[in-house]
Amino acid sequence: MARCPHLVYLGSAYDQYKCDLCPNKVMDRSSSEVKYVCNPDYGEEYRKCPIWKDKA
């Protein structure tokens with residue numbers, strides 16, 4: 001599993017993630033974007049993210 005290095009877990013009380021590249025964006029742990037792009041079970045899908053490509 002390859003998690004995006006800019007994905008920050010906000011803790012179990014919130015059960016949400018925040019993307020450091022877009023600070024106003026908070027996603028639920030069950031979000032499809034988190035599950036399939038930012039923290040997938042396999043591969044490095046986050047490298048295809050346009051925001052990651054522009055700012056990483």
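**View 1. Two aromatic pairs turn up in this predicted model.** Let's start with the rings of Tyr9 and Tyr17, whose centres sit 5.0 Å apart. Their planes meet at 50 degrees, so this pair counts as tilted.

View 2. Tyr46 is buried, with 7% relative accessibility. Trp52 is buried as well, with a relative accessible area of 16%.

**View 3. Now for the largest nonpolar core, a set of 13 residues.** Which residues have the most contacts inside this core? They are Cys4, Leu7, Cys19, Met27, Tyr46 and Trp52. As for the elements involved, strand S2 (16–19) and helix H1 (32–38) each give two or more residues to the core.

**View 4. Zoom in on Met27, and you'll find a whole list of residues that it touches.** Leaving aside residues up to four places away in sequence, which ones does Met27 touch? The list is Leu7, Gln16, Tyr17, Cys19, Glu33, Val34 and Cys38.

**View 5. Ser31 sits in the loop between strand S3 (26–28) and H1.** Is Ser31 buried or exposed? Ser31 is buried, with a relative accessible area of 19%. The limit is under 20%, so 19% still falls on the buried side. Look for a polar atom of the Ser31 side chain: the backbone nitrogen of Glu33 lies 3.1 Å from that atom.

**View 6. Asn24 is found in another stretch of chain, the loop between S2 and S3.** Asn24 counts as exposed because its relative accessibility is 80%, and exposed means over 50%. How far is Asn24 from Leu10, in sequence and in space? The two residues are 14 places apart along the sequence, and their C-alpha atoms are 13 Å apart.

Notes:
Residues are numbered from 1 along each chain as its sequence is written. This is a predicted model: local features need pLDDT of at least 70, side-chain atom pairs count only at pLDDT 80 or more; totals for chains, interfaces and linings use all residues. Side-chain values use heavy atoms; hydrogens and water are left out. A nonpolar core is a set of buried Ala, Val, Leu, Ile, Met, Phe, Trp, Tyr and Cys residues joined through side-chain atoms within 4.5 Å. Buried means under 20% relative accessible area, exposed over 50%, partly exposed in between (1.4 Å probe, protein chains only). Helices (H or I, at least four residues) and strands (E, at least two) are DSSP runs, numbered from the N terminus. Contact means heavy atoms within 4.5 Å. A polar contact is a pair of N or O atoms within 3.5 Å; within protein, one must be able to donate a hydrogen and the other to accept it, and residues adjacent in sequence count only if both atoms are side-chain atoms. Rings of Phe, Tyr and Trp (its six-membered ring) pair if their centres lie within 6.5 Å; planes under 30 degrees apart count as stacked, over 60 as edge-to-face and the rest as tilted.
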